Amino acid sequence: YKGTRPYIIINIWAPEEIRRQRMLERGDTLEAAQERIEYDKLAFANLEADVRIDNSGNMQECIEEFLKYVTLI
């Protein structure tokens, strides 16, 4: 980013088991879900976020929490 506007990095997070269950519910195979989980472990291993939002429960609460930070910028 080379702009002058402030920014924050937001990590929207859910536990592995919840992520796996969501993938299976939307039709992914168990193998595909596990591959994605393993990929994400590597891809986000060194993520340094300003904010971490828990997305393990109610989606509306997650969105409201996200919007609190977006409106600050």
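**Figure 1. Glu-17 and its salt bridge to Arg-20 in helix 1 of the predicted model.** Glu-17 has a relative accessibility of 53% and therefore counts as exposed, the cut-off being over 50%. Side chains of opposite charge can pair when their charged atoms come close.

Figure 2. Glu-65 is partly exposed, with a relative accessible area of 25%.

**Figure 3. The salt bridge between Arg-26 and Asp-28.** The closest N and O atoms of Arg-26 and Asp-28 are 3.2 Å apart. Arg-26 is exposed, its relative accessible area being 56%, whereas Asp-28, at 26% relative accessibility, counts as partly exposed.

**Figure 4. The largest pocket and its lining.** About 540 Å³ of space lies in this pocket. The lining comprises 21 residues, and those closest to the centre of the pocket are Ile-12, Trp-13, Arg-19, Asp-40 and Phe-44. Strand 1, helix 1 (16-25) and helix 2 (30-43) are the elements that each give two or more residues to the lining. By class, the lining has 10 nonpolar, two polar and nine charged residues.

**Figure 5. Trp-13 in strand 1.** Trp-13 is located in strand 1 and is among the lining residues closest to the centre of the largest pocket. Its relative accessible area is 31%, so Trp-13 is partly exposed, between the limits of 20% and 50%. Trp-13 and Cys-62 are 49 residues apart along the chain, and their C-alpha atoms are separated by 9.7 Å.

**Figure 6. A nonpolar patch on the surface.** The patch is formed by Ile-12, Met-59, Ile-63, Phe-66, Leu-67 and Val-70, which together have about 480 Å² of accessible area. Helix 3 (residues 59-70) gives the most to this patch, with five residues. Ile-63 is placed in helix 3 and is partly exposed, with a relative accessible area of 36%. Ile-12, another member of the patch, is also listed among the residues closest to the centre of the largest pocket.

**Figure 7. Gly-3 in the segment before strand 1.** Gly-3 is found in the segment that precedes strand 1 (10-13). With 41% relative accessibility, Gly-3 counts as partly exposed. Gly-3 and Phe-66 are 63 residues apart in sequence, and the C-alpha to C-alpha distance between them is 22 Å. Phe-66 is one of the residues that form the nonpolar patch.

Key. Residues are numbered from 1 along each chain as its sequence is written. This is a predicted model: local features need pLDDT of at least 70, side-chain atom pairs count only at pLDDT 80 or more; totals for chains, interfaces and linings use all residues. Side-chain values use heavy atoms; hydrogens and water are left out. Helices (H or I, at least four residues) and strands (E, at least two) are DSSP runs, numbered from the N terminus. Buried means under 20% relative accessible area, exposed over 50%, partly exposed in between (1.4 Å probe, protein chains only). On a 1 Å grid over the protein atoms alone, a cavity is a set of points where a 1.4 Å probe fits but cannot get out, and a pocket is an open set with protein on both sides within 12 Å along at least five of seven lines; lining residues have an atom within 4 Å of a point. Grid points are joined across faces, edges and corners, and a volume is the space filled by probe spheres set on the points. Ala, Val, Leu, Ile, Met, Phe, Trp, Tyr, Cys and Pro count as nonpolar, Asp, Glu, Lys and Arg as charged, and the others, Gly among them, as polar. Patches are made of residues with over 30% relative accessible area and no salt bridge: like charges are joined within 9 Å, nonpolar side chains (Val, Leu, Ile, Met, Phe, Trp, Tyr) within 5 Å. Accessible areas come from the Shrake-Rupley method with a 1.4 Å probe; for residues, only the protein chains shown count as cover. A salt bridge is a side-chain nitrogen of Lys or Arg within 4 Å of a carboxyl oxygen of Asp or Glu.
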